[in-house]
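This report looks at a few helices and at a set of charged side-chain pairs. The sequence and the structure come first, and the description follows.

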Amino acid sequence: MAIGKLFIGRKVRELRAASNATQSQFAERIGISTSYLNQIENNQRPVSAAVLLALADKFQLDLAELSTGESDRLLSALAEALSDPLFDTYAPSLQELKLVTQNAPGLAHALITCHQAYRRNSEQLASLDDRLGRAAAVETTPYEEVRDFFHFVDNYLHDLDVDAERLAGELGLNDGSRHAALADHLEQRHGIRIVYQPMQENALRQFDSASRVLTINPYAPAQTRDFQVAVQIAQMHAAERIDAIARGAGFRTEEAVDVCRIGLHNYFAGALIMPYQAFLRAARELRHDIELLAARFGASLEQVCHRLSTLQRPGQKGVPIFFARIDRAGNITKRHSATKLQFARFGAACPLWNAHQAFEAPGRIIRQLAETPDGARYLCLAIQVNKGLGGFHSQQPSYALALGCEISYAEAFVYADDLNLTERASFQPIGISCRICERMNCASRAVPPFRRRISVDPDRRETTPYRIQ
């Protein structure tokens, strides 16, 4: 796959600052002129291959860290915010957006946060409900804050991941005796005894700190029981590290800090059950067959898909994928993408995306070759799963798990073996969200794109009652 021009001015400035060098000193060390370095740092010129090699050799620049995942995520979020009619007098070019996200990412994040608050305030006013006369909260919700935190750290926490992997090695976790190893560690190291008994309101886990007893619901699937034991280990083993990460994230409310701690506990549990290097090797060996990975690590399909989305360790990255969990109403309850495909932050996902079809074929992996309006092509996978504890009266929420990769990585997935990856006709056009999709003749369109005018012909009716100009 061809690599685009790299504009890494901010990264080069950080390297120079870390080495306490002036521009002339730094330029001399990597064998370029001071004026060229100045242009690189201001993103006026891309770095050449020779400069990249010099930076890697003399300043330990990790070339794997130059992937555009972070920039793509921020660029997508900023472009979506500025597509709002609120900014209809200003249409920034792609180059302008790149300059902001590359040189002033803090400003981009601040603008996105302001736009989120504006949208929430507008939606509350539009509802005209009985709360209209009272003060309305327009801040980002704690849940949204935390979701954005994980999204913009590439869904990878290095120190936490390495710590969990180290502990997994100490415990000698394997498929046959994993549960016993986890339970023994919890009792011997932390003095916590596990009991199994049904719990009210479909609870999975309950810890009594006074009696040091962890109650696990025996009706939960085995993978869920193991995961909840691992969560308890995370709370005991990595409490200080997790608290430092949550408090250092700059959340605005204590509720967001609490929500983040839960996410970090879950992250540690997943990394403990599926240690990074072992899981990465298995993913490559099994060619990302999620069912075989689930069987090998004694994990659920959702746990496997989520773990695949965290394989972002410097120098040991896995295939960059996107991952999302969608409920029947189309709400995206989990999302992360290390690819160019970025999920819409507002509105529903494209109805042409195969994730929606998963609910029509429970338990079957649905495949799709898709192309977005920017010409990028993807292998998309989706499968429907049920969660719950079983039993006639138990709630059984249903979700679609969606994951995939850019087509240049498709051969690393077993699911691409019999698909025609070269024929353009094999790829179905999809978008991100109707409100920002520029496709003119989509019969599945729900609303017109924000940046376009429409015309209505009373004498002619097509699938949609308007034409996009």
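## Helix α1 and its partners

In this predicted model, the buried residues of helix α1 (residues 9-18) pack against α2 (23-30), α3 (34-41) and α4 (49-59). The residues of α1 that are buried are Gly9, Val12, Leu15 and Arg16, and because they cover an arc of only 125° around the axis, they lie on the same side of the helix. Ala17 and Ala18, on the other side of α1, are exposed. Just after α1, asparagine 20 adopts a positive phi of about 55°.

## The contact of α2 with α3

The axes of α2 and α3 come within 8 Å and cross at roughly 105°, and the two helices are therefore roughly perpendicular to each other. On the α2 side the contact involves Gln23, Ser24, Phe26 and Ala27, which meet Thr34, Leu37, Asn38 and Glu41 in α3.

## The buried face of α6

Helix α6 (residues 94-103) has Leu97, Thr101 and Gln102 among its buried positions. Seen down the axis of α6, the buried residues fall within an arc of 120°, so they line one face of the helix.

## Salt bridges

The structure holds 21 salt bridges. One of these joins the side chains of glutamate 302 and arginine 325, with an N to O distance of 2.8 Å; since glutamate 302 lies in helix α16 (residues 301-308) and arginine 325 in strand β4 (residues 321-327), the pair ties together parts that are 23 residues apart in sequence. Glutamate 302 counts as buried because its relative accessible area is 8%, and arginine 325 is likewise buried, at 11% relative accessibility.

A further salt bridge forms between aspartate 418 and arginine 367, whose closest N and O atoms are 2.6 Å apart. This pair links distant parts of the chain, 51 residues apart, with aspartate 418 in the loop between β8 (398-406) and β9 (428-429) and arginine 367 in strand β6 (residues 366-371). With a relative accessible area of 59%, aspartate 418 is exposed, while arginine 367 counts as partly exposed at 36% relative accessibility.

Arginine 377 and glutamate 371 also meet through their side chains in a salt bridge, at 3.4 Å from N to O, and glutamate 371 is buried, with a relative accessible area of 12%. Elsewhere, Asp243, Arg247, Glu254, Asp258 and Arg261 are linked in a network of salt bridges.

Methods:
Residues are numbered from 1 along each chain as its sequence is written. This is a predicted model: local features need pLDDT of at least 70, side-chain atom pairs count only at pLDDT 80 or more; totals for chains, interfaces and linings use all residues. Side-chain values use heavy atoms; hydrogens and water are left out. Buried means under 20% relative accessible area, exposed over 50%, partly exposed in between (1.4 Å probe, protein chains only). Helices (H or I, at least four residues) and strands (E, at least two) are DSSP runs, numbered from the N terminus. The arc is that of the directions from the helix axis to the C-beta atoms. Contact means heavy atoms within 4.5 Å. Axes are lines fitted to C-alpha atoms, for helices over the stretch in contact, and angles run from 0 to 180 degrees between N-to-C directions. Angles under 35 degrees count as roughly parallel, over 145 as roughly antiparallel, 65 to 115 as roughly perpendicular and the rest as oblique. A salt bridge is a side-chain nitrogen of Lys or Arg within 4 Å of a carboxyl oxygen of Asp or Glu.
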